[in-house]
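Subject: Structure handover

Dear colleague,

Here is the structure you are taking over. My notes follow below it.

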Amino acid sequence: MSTQDNRERLELLQGTLDLLILRTLIFGSQHGQGIARAIQETSEKELLVEHGALYPALQRLEERGWISAKWGISSNNRKARFYALTAAGRKQLVRETTKWKRLAKAIARIIGPESAEG
Amino acid sequence: MFGRKRKVEDFTSEIEAHIQLEIERLREQGLSEEEARAAARRTFGNVMHAEERFYESGRWPWWDHFWHDIRYGLRMLRKSPGFTAIAVLTIALGIGATTAIFSVVDAALLRPLPYPQPEQLVSIQDDLPGAGARDAGMSPPEWQDLQRSGIFEYVSPTWFDENNLTGSSQPARVRVLIVAPNYFALLGVKPQLGRAFHPEDHTPGMMLEVLISDGLWKRAFGGDPHILDKSVRMDTDLYRIVGVMPAGFDAPGRITEERNIEVWAATSFYGAPMPDHPPRNRRNLPTAIARLKPGLTIAAAQSRLDGLVASLQKEYPADYPLQSGWTVRLAPLKERVVGNVRQSLMLLLGAVGLVLLIGCVNLANLLLARASARGREMAVRRALGSARKRLMSQLLTESLLLSLLGGIFGLAILFGTKAFLLRLVPDSLPRLNEVTINWVVLLFALIASLLSGVIFGLAPALHAGRVDLTHALKEATRGATGSGQQARTRRVLVVTEFALSLVLMIAAGLLLRSFRDLLNVQLGFNPQSVMTVRTRLPYPNDPTTDIYRTPAQEAAFFREILRRAGTLPGVEEVALGDTASIPLDQSLRDLKLISEGQFLFMLEGHDICSDQPAVVGRSSVTPEYFHLLGIPLLRGRLFNELDAENAPQVAVINEAFARAYWPGQDSLGKRFKSTRAESPWITVAGIIPNARTESLAEASVPQIYLDVYQTGAKRLAILLRGHLDTAATAELVREQVQSVDPTLPVSGAQTLNETVSASLSERRFSMQIVALFALTALLLAGLGIYGVISYMVSERTHEIGIRLALGAQRRNILRMVMRLGLGLAVAGAAVGLVGALIVSRLMAGVLYGVRPTDPLTFAGVAFLLIGVALLACYIPARRAIRVDPLVALRHE
């Protein structure tokens, strides 16, 4: 389903999308398309986010009470559903970030600096 | 969770907004409208997929699956109307019958009595086990003791009586209950019109106020709204009507007569016409009911009562000889009303439950057969990715749909035939008017339906889950996928069905044999061409107004009636007796108990204090009675002209009495008397053989016959023998009786054969119902085995064809098929026999003459069942031997 020009981009690891969404929302509420764009641009287009895959994740986060959603008007005057971080979501973000950093560090130690380049 | 559910539309519009935003962003980067739209869609990915995932995460898929299953199930059921009709009908009949019986069980046994705080209501029963007397009644002083004991809120003796209600066009016999003034306060019921008795009224003698039933109000007074304070004449006494009880109020009585009371009269049970100082040991109050003090359990009340009884025994040793073992027993009032039908009702419920179960097993078999026909459908659906669980729930939903449809249909049948069915129930069944189809009954029907759906749907559903894909799809071309596993399940089901049917049939067989034995017992009297008519002499409160005060005054009336009845056309013999003398009269046998208590007597030559008073059947008759009923004299003499009021009292006794009380002695000339102080000694004048006059099931109940000219009698039976038209003769007897005394009611004309037959009505009812159920079970079992064997034959057509082609004898093929069926039937019968042994032991109480393990019944029923099985197998077996090998092989 991915297209040719996206071929060299990285596929997201399982479970990381939730973290990225929460992280993106730390700067304020945003709609789905904005979140997708932000992830892509912040990662300097390294990450491949299929926009469609975003929505089940948003749905899931909303159900867990980590984000809340309401309809609003976008900067270019369009109706869009805006998502915002809740207090529980903020805590979850801290937990997930710590976990992720530890994981990344551990993996990096195993793989070593040389192989990372190759 | 409920409120947070998002609508699919909301989600869809969010996605649309997303794509629009993306398009606008791309347009800003300089792409054309078209390019932007395509790119946006590309980056979004699969919209459908996102929507599907939203759908599965956000909603309850099982709910949608459920609806889908139901819609699909309904479609499947519509597609095979024949199967659906059979299945729905089977379940409808099963659920309908089970629910019908349950509604009776619910009304009679489950629901509390329809009075406030029914758990406080008890019946009080005095037993004298030493004298062999149960429910011997109590004396007025004992009643007073109970009233003062602090255990009861209220205690009221109840005394059933029949009275002559005069003043309307015909003198009528009415059912009267004589109670304490606290009776209605005790039950906690109020009249619909007027007032009840004042519970604290202590006027001596009879209170001249009565309450009447709704039925009597409408029948005899046309529902007159100004009925209150009107007077009615009962037994020549005038009573004032102070209240009308509501329709549907039934007195809590043991027998029908006692429940359908028409008039309630109150008394304090002392003062004329009763003795002012009634003796302690004269138990003339037949029975009593009471309401416990609030908060007192029956067990606690009983233990306090035991203490009271012990102290009374100490205080009045002369009245309560220790040997008699006087005890006072409390039982829930409901027990008194419904206690003696519990076993029969449970038997019926069990029987009908078995039929339902057999029906379910049969349906399971049908469904399995169908499942194999649908094997291809299931296999294809599995191959296309249907989850195993989904397929199973699909099949189970179909079964549940069938069973619910059946349940609804069954209830519809029940509603439609309710009036008719209720007429089939013998009206001796207590609380019959309370039988309704209420929500408990509906809930029962629903649960029974669901349960049957699960029972018959489980096996097919499990099999669908186990479909072997490759095998099924390969086999599908041959149109059948019956795996070995499935064939085994079907055989197990048939064996189960046979076992259950056998249990039911043995139960029916035992009941049938009991009934036949009862019909064929030697009665000891001849009921042929005998009929009885009843009348009743008045019993006024003021003895001086009684024109039948002494036996001599009654005797004149008796002689006149005998003379007049003897001249009626067709009448060959006439006799008179009290109603207790009518052999096997069921209601009156109990009536004696509820209206007179038991006849306690003592024998001459035994010390009064230490002697045990005994209880026997007693009736008063004219000398013609014995000849009319064909009862011979063994020794001594029967009554004659000389046995008049003032002559020494004589008795004719039966052998059972002689043997019980004067064993090994000549009882002629021996004397005994009633325990009532003022009663005279009675000399045994004659001995007659035992006859089954009390109950068909009891061969030798001790009996005393007294001369009615000496004892007198109020409730009279006129017995007539001859070639008589019952109705016409009854009318003629009425004319004759009323031309002697126009105030006397005449009722209850019946041939003695009818009386004998009526004494079996409850047995007949349960026997017929169980027999009907057993026949149904037999039919279902036959159909079940027929189905399985037919299926096996059709599956093995190919094999049979080959065998025949290779030279097998048709006889051998026939034998092979029959052996399969026989094996199933024998296995089923073997399992069933074990079950039947257990069930028949539980039935021992309702059997007569046969042992619960009667080998003849067991063997006979087993052979019958196997015979039916062979017959059911013969049809498919014939088809098997007609297989044309050419056709069978070409079919391949």
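How many residues of chain A are in contact with chain B, and how many of chain B with chain A? There are 18 residues on chain A and 20 residues on chain B, where contact requires that the C-beta atoms of two residues, placed from the backbone, lie within 7 Å.

Before the rest, some conventions. The model is predicted, and local features need pLDDT of at least 70, side-chain atom pairs count only at pLDDT 80 or more, while totals for chains, interfaces and linings use all residues. Residues are numbered from 1 along each chain as its sequence is written, with chains lettered from A and ligands numbered from 1 in the order in which they are written.

Interface, chain A side

Helix H2 (32-42), helix H3 (51-64) and strand E5 (79-85) of chain A each give two or more residues to the side that touches chain B. Helices (H or I, at least four residues) and strands (E, at least two) are DSSP runs, numbered from the N terminus. H3(A) provides the largest share, seven residues. By class, this side of chain A has five nonpolar, eight polar and five charged residues; Ala, Val, Leu, Ile, Met, Phe, Trp, Tyr, Cys and Pro count as nonpolar, Asp, Glu, Lys and Arg as charged, and the others, Gly among them, as polar.

Sheet in chain A

E5(A) also belongs to an open, antiparallel sheet of three strands in the order E2-E5-E4; strands pair if DSSP finds at least two bridges between them. Strand E2 (30-31) and strand E4 (67-73) of chain A are at the edges with a single partner strand each, so one side of each has no neighbour in the sheet. E4(A) and E5(A) run antiparallel and are joined by seven bridges. A:Gly72 stands opposite A:Ala80 in E5(A).

Chain B

Chain B has 29 helices and 21 strands. The C-alpha atoms fill a box of roughly 130 × 85 × 55 Å along the principal axes. Of the 892 residues, 43% count as buried, that is, with 20 or more other C-beta atoms within 10 Å of their own, placed from the backbone.

Two residues of chain B have backbone angles to check. B:Arg431, in the loop between helix H14 (388-424) and helix H15 (439-465) of chain B, has a positive phi near 60 degrees. B:Leu584 has a positive phi of about 65 degrees and lies in the loop between strand E12 (571-578) and helix H19 (586-596) of chain B.

Regards

Terms used: Buried ≥ 20, exposed ≤ 12 C-beta atoms within 10 Å, placed from the backbone.
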